[in-house]
Amino acid sequence: MSGLPSLRAVILMVAAVLVVTAAAGGVVVILGDDLVKTANEPVRRKATQRPQQPSPRLDQLVPTAAPVKDFGQGGPGITATPPRVLAIAAGTVPKSTRFALSGLKHVQKVTVVDAGAVKVAGTPLNLLAVDPADFRSWTPQPVADQPAVWSALARGELVADAGAMRKFGMILGAMYQVDGGPRLRVAASATLGLMGVDGLVSADLGRSLGFAPGVAVLLHGKAGKISESGVRKALGKGSQVVMLDAAHRTPKQQQKPRTTVNVGRPGSYLDLYRASATRCPGLSWTVLAAIGQVESSHGRNNGPSSAGALGPMQFMPATWKHYGVDGDGDGKADIWSPYDAVPGAANYLCANGAGQGGEKLRKAIWFYNHSWDYVNKVMGIAEAYARTYA
């Protein structure tokens, strides 16, 4: 257990996190395999191998363009004010600095919380220590709307970021021994949208863990408008600043127009794969279907993955920015929608030569996921689909 990470550790944390863009679009609560799982789940002592279930027929699987529509229902009506900036100061932020930050143009709201790092079996976790009642509005709306998340914090339990859960192989409901400290239970997991933050604990627990008081600053305001230099100047030397709204800061003239590939909204995944493949002459629909099976089991496990990939075809946000398409003609290219993601995958494969077949196809699949074992697996499943739906 330690206090606030060293400057070098913070810099490494920020640098590593910037690789994973705030796919903060994926604002969803992920609690295990279900939409909501909380502290009532028993501790799992040992992972067991589940028997493999046969894949459902593609012509019986209906795609849905709204994979997160039910998340967050039943909440108490908290209005989310998502942070646009996250900063770690060199020391406790005084009131005068808070006033200076609140006076910056486009800043509408400021909060300062405790922060620190603990080690669990030698693995460092960067945590914020917050007051559950005050911090709810700083999380994505579906998270703010889940009373169980905030009850878990009030009980002194850990709410882990969904990405950290996958990255570190943590198990929902399990107890973890903090090196030199107490045992913490992972009571809930949610996509927090805070780059470099692995989870939340209560302010009381943070104090008992020796966290640095008042060093983490969050700012809310108009997306893409808060001045990064202004924040750095106010916080002074040694501060680290992460712009959580980086996607809104790309000049419009530099943004490439979205490719329109209209496949409509087929009634089954089978028809969707077939329609999408026609956008790349020479590409078999079975390859798209095989990738869809490996990546998300045809939309049943849309991520985010441990690497930050999103949606039914598991695109990295940076790749989607260049190859994503508006597949159903609704005016937007939605990484979460199968009607956009599947033709987007065809677009990406085609750009890498998949339509030429042979080794070009294998190489295109390799570009999708840099593993020849992955390529062989996809090709094997594609062959099986070709036999099944011949």
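This is a predicted model: local features need pLDDT of at least 70, side-chain atom pairs count only at pLDDT 80 or more; totals for chains, interfaces and linings use all residues.
A residue is called buried when its relative accessible area is under 20%, exposed when it is over 50%, and partly exposed in between.

The model contains one disulfide. Its partners are Cys280 and Cys350, whose sulfur atoms lie 2.2 Å apart. The bond brings together distant parts of the chain, as the two cysteines are separated by 70 residues. Cys280 sits in the loop between helix H9 (269-277) and helix H10 (285-296), while Cys350 belongs to helix H12 (residues 338-351). The disulfide is right-handed, because the torsion about the S-S bond is about 85°.

His106 is not a glycine, yet its phi is positive, at about 75°. This histidine, His106, is found in the loop that runs between helix H2 (95-102) and strand S2 (107-120). With a relative accessibility of 31%, His106 is partly exposed.

Gln314 likewise has a positive phi without being a glycine, with a value near 50°. Its setting is again a loop, here the one between H10 and helix H11 (317-323). Gln314 has a relative accessible area of 12%, so this glutamine counts as buried.

Conventions. Residues are numbered from 1 along each chain as its sequence is written. Side-chain values use heavy atoms; hydrogens and water are left out. A disulfide is a pair of cysteine sulfur atoms within 2.5 Å. Helices (H or I, at least four residues) and strands (E, at least two) are DSSP runs, numbered from the N terminus. Buried means under 20% relative accessible area, exposed over 50%, partly exposed in between (1.4 Å probe, protein chains only).
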